[in-house]
Amino acid sequence: MPEQPVRRPRVEELAWEPTTMGDISLRRRQDPVTGADVLEVKLGDEFLMSSLFTVAEEELARLGLAMTRASADGGTAPLDVVVGGLGLGYTALTVLEDARVGSLVVVDALAEVIDWHQAGLIPAGAVLTADPRCRLVHADFFAALASDDGLDPGMPGRRWDAVLVDIDHSPRHLLDPSHASFYTPAGLERLREQLKPGGVFALWSNDPPDEAYLELLRTLLVDVRADVVAFPNPLQDRDATNTVYLGRAPG
């Protein structure tokens, strides 16, 4: 009698840990529509990231780094980039595809997510941990931004060519109430202080463009815009959209 193939469960929980923001889990499932294996990160009942939808996370990096070209004045100095939010690593991977990037610091408040990358549970981790330009830092991005040391604990006061943020669902839909100050004039001013002259800020959002937030960005940044990124959603048989906010520090 021929040996029967081993059937894998449709949903597998690869890791689970309690955190101060709720239980976080990494799971793999077979999508019934596409048949693809999908990795998902959940915090409590909220989905933080799915490998089924990565276009906007990648575009966050591409659009942000593309804007640095306009502010580099033909210079050849390597770019210093920080990413707020690691997730499944797609934004960080796309940053490293740009040969102009000399250093990348990825800041994430969840040590568990960093551990999953370092342990190889998340495929992007193999690339991120092997690239000498990249460091994964366990820290609260928003608290670090507000601190005297800034976003790189190894280089206090460091300034950046690009700060790319993918943490909250949108400026109005936050993962944690403690993040709210980042979306205020004081929070934006602190961010601008840590950008180099002409440095770029880019923010991912799951919501449509928010004119009130754009007006706030225009008070301290230049060349502000909101790009709508469309991508196929096979689960709903239609396109879905996310938003990437962009702006540059004067100079």
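Mentor: Let's begin with a term: a polar contact is a pair of N or O atoms within 3.5 Å; within protein, one must be able to donate a hydrogen and the other to accept it, and residues adjacent in sequence count only if both atoms are side-chain atoms. Here the side chain of N242 makes such a contact with the side chain of W204, at 3.0 Å. This is a predicted model, where local features need pLDDT of at least 70 and side-chain atom pairs count only at pLDDT 80 or more, while totals for chains, interfaces and linings use all residues. Residues are numbered from 1 along each chain as its sequence is written, and side-chain values use heavy atoms, leaving out hydrogens and water.

Trainee: Is N242 buried or exposed?

Mentor: Buried means under 20% relative accessible area, exposed over 50%, and partly exposed in between (1.4 Å probe, protein chains only). N242 has a relative accessible area of 5%, so it counts as buried. Its place is in strand β11, residues 238-248. Helices (H or I, at least four residues) and strands (E, at least two) are DSSP runs, numbered from the N terminus.

Trainee: Which residues is N242 in contact with, leaving aside its neighbours within four places in sequence?

Mentor: Contact means heavy atoms within 4.5 Å. For N242 the list holds A56, W204, S205, N206, D227, V228, V229 and F231.

Trainee: What does the secondary structure of the whole protein come to?

Mentor: There are seven helices and 11 strands. The radius of gyration (taken over C-alpha atoms) is compared with a globule rule of 2.2 Å times the number of residues to the power 0.38. The protein comes out at 19 Å, close to the 18 Å that the rule gives for 251 residues, so it is as compact as a globular protein of that length. Along its principal axes the C-alpha trace spans about 75 × 40 × 40 Å, and 49% of the 251 residues count as buried. Among contacts between residues at least 6 apart in sequence, 62% join residues at least 24 apart.

Trainee: What is the order of strands in the open sheet of four strands?

Mentor: Two strands pair if DSSP finds at least two bridges between them. In this sheet the order is β1-β2-β3-β4, with antiparallel pairing. β1 and β4 stand at the edges with a single partner strand each, so one side of each is left without a neighbour in the sheet. From one strand to the next, the twist averages 20°.

Trainee: How many bridges join β2 and β3?

Mentor: Seven, in the antiparallel sense; R28, for instance, has L39 in β3 as its bridge partner. Helix α3 packs on the sheet, touching β1, β2 and β3, and its direction makes about 35° with that of β2. Such axes are lines fitted to C-alpha atoms, for helices over the stretch in contact, and angles run from 0 to 180 degrees between N-to-C directions. The buried residues of α3 (111-118) are E112, V113, I114, W116 and H117. Their cover includes β6, α4 and β7.

Trainee: How should I read a positive phi?

Mentor: Most residues other than glycine have a negative phi. In the hairpin of β3 and β4, which has two residues between the strands, G44 takes a positive phi near 65°. D223 also has a positive phi, of about 55°, although it is not a glycine. D223 is found in strand β10, residues 222-233, and is partly exposed, with a relative accessible area of 43%.
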